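Please open the structure in your viewer and keep the selection tool at hand.

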Amino acid sequence: MFSFFKKKPVAPEAAPAAPAATPAAPAPSAPASTETAAPLAFEVDTAAKPEPKQSWMSRLKAGLSKTSANLSILFVGAKIDDDLYDELEAALLMSDAGVDATQYLLDALKRKVKEDKLLDGAQVKEALKRLMIDLLQPLQRPFELGRHQPLVMMISGVNGAGKTTTIGKLAKHMQAHGQSVLLAAGDTFRAAAREQLMVWGERNNVTVISQESGDPAAVSFDAVQSGKARGTNVVMIDTAGRLPTQLHLMEELKKVKRVIGKGMEGAPHETLLVIDGNTGQNALAQVKAFDDALQLSGLIITKLDGTAKGGILAAIARVRPVPVYFIGIGEKIEDLQPFNAAEFVEALLA
Ligand SMILES: Nc1nc2c(ncn2[C@@H]2O[C@H](COP(=O)(O)OP(=O)(O)OP(=O)(O)O)[C@@H](O)[C@H]2O)c(=O)[nH]1
Ligand SMILES: [Mg+2]
């Protein structure tokens, strides 16, 4: 079993006890009316016990079964000829791998088949697996805790990608690893979003910094200051969903990032994009646009349990190889796990 995080203890960069220079950020006091609260979009089932690895694999396989069915059938008793390559090309394109990665994999596979004189379908399938793992491996990177104190993470993405849910899951995983966590409700557009995060924070012993004024940069700044003053291990900054085409909102996101840097030098230490795995090739456009605007340090891909096809990771690896820290296959805490290239390919080409 591999561990969820890598941990590196460091000396605190800020004196934890130092009083904040700015007025103290509001404590998560508001005892929100929990009785009337609707089911929380980001609520995660904390009661469930961590599941064995096998269960994660079988559910990842189930999530990617459309692609694995399309790919695997090609190799059963197949003759290694142009027809096979044509069908493979179509199946890879269908999987959201995109033109570039598809062509790359096909060319590499043809070379390998020739070099190693592969004759049967099963061998060719194994060769494709190997090539796919080699392609995705550079995206695999353990998420290291304890590099900075606080470790400041900014989380962005289009509407409904799974940002807030993922932050909730990560917060629980981090707590389980002995980290104190503070969240900033940077989604200041919707009062409901703020409220939900506050309620969730109270229930889960996570401090939430929120502001009615509605300036996401100011909330983020306060959160970083507060994290420094409290000696918090991790500060996660949620942001409102936005499309890369909404240029003023992308500018706002850049400002949030700049202002976080004013709160703590070198922060944010992680600038993450959350992607809905069902988005298809558009996900690549999102990676490019958010990376151009924010210089992303990592990705989190959610909802690989739905109609997702999984090939998008190959496209990302070829076109804009931003590390994929975590992948999500559902709403429970254990449904978010570190990305592992070999495991992912095993599910994709089961
Ligand atoms: N099936 C499935 N659903 C997920 C997963 N991750 C998140 N969701 C669901 O996706 C929906 C949207 O999640 P949110 O976390 O609210 O998304 P968001 O990006 O914060 O949305 P906005 O703040 O509105 O932009 C919720 O219903 C989540 O439960 C996943 O891995 N699998
Ligand atoms: Mg949200």
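In which handedness of crossing does α10 pass α11? Select both helices: α10 passes α11 in a right-handed crossing. A crossing is right-handed if the near helix is turned clockwise from the far one by less than a right angle, and left-handed if anticlockwise.

**Before going further**

This is a predicted model, in which local features need pLDDT of at least 70 and side-chain atom pairs count only at pLDDT 80 or more, while totals for chains, interfaces and linings use all residues. Residues are numbered from 1 along each chain as its sequence is written, chains are lettered from A and ligands numbered from 1 in the order in which they are written, and side-chain values use heavy atoms, with hydrogens and water left out.

**First stop: two packed helices**

Remain with α10 and α11, which pack at an angle of about 35° with their axes 9 Å apart. Axes here are lines fitted to C-alpha atoms, for helices over the stretch in contact, and angles run from 0 to 180 degrees between N-to-C directions. To display the contact (heavy atoms within 4.5 Å), select A283, L284, V287 and K288 of α10 together with I312, A315, I316 and V319 of α11.

**Second stop: the whole chain**

Now display the entire chain as a cartoon. The protein chain has twelve helices and ten strands; these are DSSP runs (helices H or I, at least four residues; strands E, at least two), numbered from the N terminus. Of its 350 residues, 55% are buried. Buried means under 20% relative accessible area, exposed over 50%, and partly exposed in between, with a 1.4 Å probe and protein chains only. Among contacts with a separation of 6 or more, 80% are between residues 24 or more positions apart.

Select residues 247-263, which form helix α9. Its 17 residues reach 25 Å from the first C-alpha to the last, close to the 24 Å expected at 1.5 Å a residue; the expected span is 1.5 Å times one less than the number of residues. Colour its buried residues: L249, M250, L253, V256, K257, V259, I260 and G263. These buried residues pack against β3, α8, β6, β7 and α10. An α-helix has 3.6 residues a turn, so residues three or four places apart point the same way.

The whole structure contains 14 salt bridges, each being a side-chain nitrogen of Lys or Arg within 4 Å of a carboxyl oxygen of Asp or Glu.

- Select K6 and E144, whose closest N and O atoms are 3.9 Å apart. K6 is partly exposed at 42% relative accessibility, whereas E144 is buried at 18%.
- Select E346 and K129, with closest N and O atoms 3.4 Å apart. E346 lies in helix α12 and K129 in helix α5, 217 residues apart. E346 is partly exposed at 33%, and K129 is buried at 10%.
- Select R320 and D292, which meet at 3.0 Å, N to O. R320 is in the loop between α11 and β9, and D292 is in helix α10, 28 residues apart. R320 counts as partly exposed at 21%, and D292 as exposed at 51%.
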